[in-house]
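Open the structure in your viewer and keep the selection tool at hand. The stops below say what to select next.

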Amino acid sequence: MNDGNHRPIPLLNPQGPSFIAINSVSLVVRFNLTDINQDRSTNYQGTIMKWIHIIAGLMAIASGFIALYAAKGSPLHRQSGTMFTLSMLFMTISAAIIPFFLRTDHVTGVAALFTAYLVCTSWLVVKRTVQESKAVLEGFALAAAVLGVYSLSLWFDFVDDPKSLITKNSPPQTLLVFGSISLLCSALDLRMIWAGKILGSQRLVRHLWRMCFAMLIATGSFFTGQMQVFPTIIRKSSLLGIPVLAIPVMLVLVTTLYWIGRTLLKRRSATLAPRS
């Protein structure tokens, strides 16, 4: 609009309240749209990670059961064991990314990193000697110690202030258990590194308990930790008084104890056998 002297009349004064109000609204809208785009990107990334986690988890459980019951040292055991190791690494890495970077969950992140540590050190003991992998073992021992201290610090913070811990599905007591075991594993790693070797039944027991413990965590997380994804009839079913979803977890536990006990008994028999 122009006045009689043909000078432009500004619709809004840049210093006036109307201009400031409109500009503020536009900034709010712009920030909201940015947040929406970030949320959509985060949700998309989270969906990808969840599918990677689910597929890798199913492959890990299937190959883990095959390796658990296959004849130890056979080609089937080795192939299924390799598949289990790779699947577990994909599953634990995705499980760590989801809580730490996409939906902050302290307990799940600690459990994922600890499980990855178990799988790696279990695989390493049957593939490399202590001297060949000394630097890597030292790194894993340090990582286990740091993870244990971090986990226990989260637990003690939770005891002082329950609101300090962010978790969705996992019980906070998991931090105390995994933190303590992680520190114990670090001490065992350092002991093995100091000895410079691990042979015979000790080597097999280290491989067995760490790999089977990782398998126990995977089966427990899937069958008892995600019960809501199963149909109601399965959740409420039982066999000989044992919930159906708890049976796979118990099978892993019993089989683990069997193999460890058998390995230790063989060692004792060999020690007591008379020498010619």
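The tour goes from a surface patch to a helix pair and then to salt bridges.

This is a predicted model, in which local features need pLDDT of at least 70 and side-chain atom pairs count only at pLDDT 80 or more, while totals for chains, interfaces and linings use all residues. Residues are numbered from 1 along each chain as its sequence is written, and side-chain values use heavy atoms, with hydrogens and water left out.

**Stop 1: the patch.** Select Trp 51, Ile 54, Ile 55, Leu 58, Met 59 and Met 83, which make a nonpolar surface patch of about 580 Å². Helix 1 (residues 17-69) gives the most to this patch, with five residues. Helices here are DSSP runs of H or I with at least four residues, numbered from the N terminus. Now pick Ile 55, in helix 1. Ile 55 counts as partly exposed because its relative accessibility is 46%; buried means under 20%, exposed over 50%, and partly exposed in between (1.4 Å probe, protein chains only).

**Stop 2: two helices.** Select helix 3 (residues 106-127) and helix 5 (residues 173-195), which pack at an angle of about 25° with axes 10 Å apart. That makes helix 3 roughly parallel to helix 5 (angles under 35 degrees count as such).

**Stop 3: salt bridges.** Which residues are linked with Asp 189 in a network of salt bridges? Select Arg 206 and Arg 210. A salt bridge is a side-chain nitrogen of Lys or Arg within 4 Å of a carboxyl oxygen of Asp or Glu. Arg 206 meets Asp 189 at 2.8 Å, N to O. For Asp 189 and Arg 210, the closest N and O atoms are 3.1 Å apart. Both Asp 189 and Arg 210 are buried.

Conventions: Patches are made of residues with over 30% relative accessible area and no salt bridge: like charges are joined within 9 Å, nonpolar side chains (Val, Leu, Ile, Met, Phe, Trp, Tyr) within 5 Å. Accessible areas come from the Shrake-Rupley method with a 1.4 Å probe; for residues, only the protein chains shown count as cover. Axes are lines fitted to C-alpha atoms, for helices over the stretch in contact, and angles run from 0 to 180 degrees between N-to-C directions. Angles under 35 degrees count as roughly parallel, over 145 as roughly antiparallel, 65 to 115 as roughly perpendicular and the rest as oblique.
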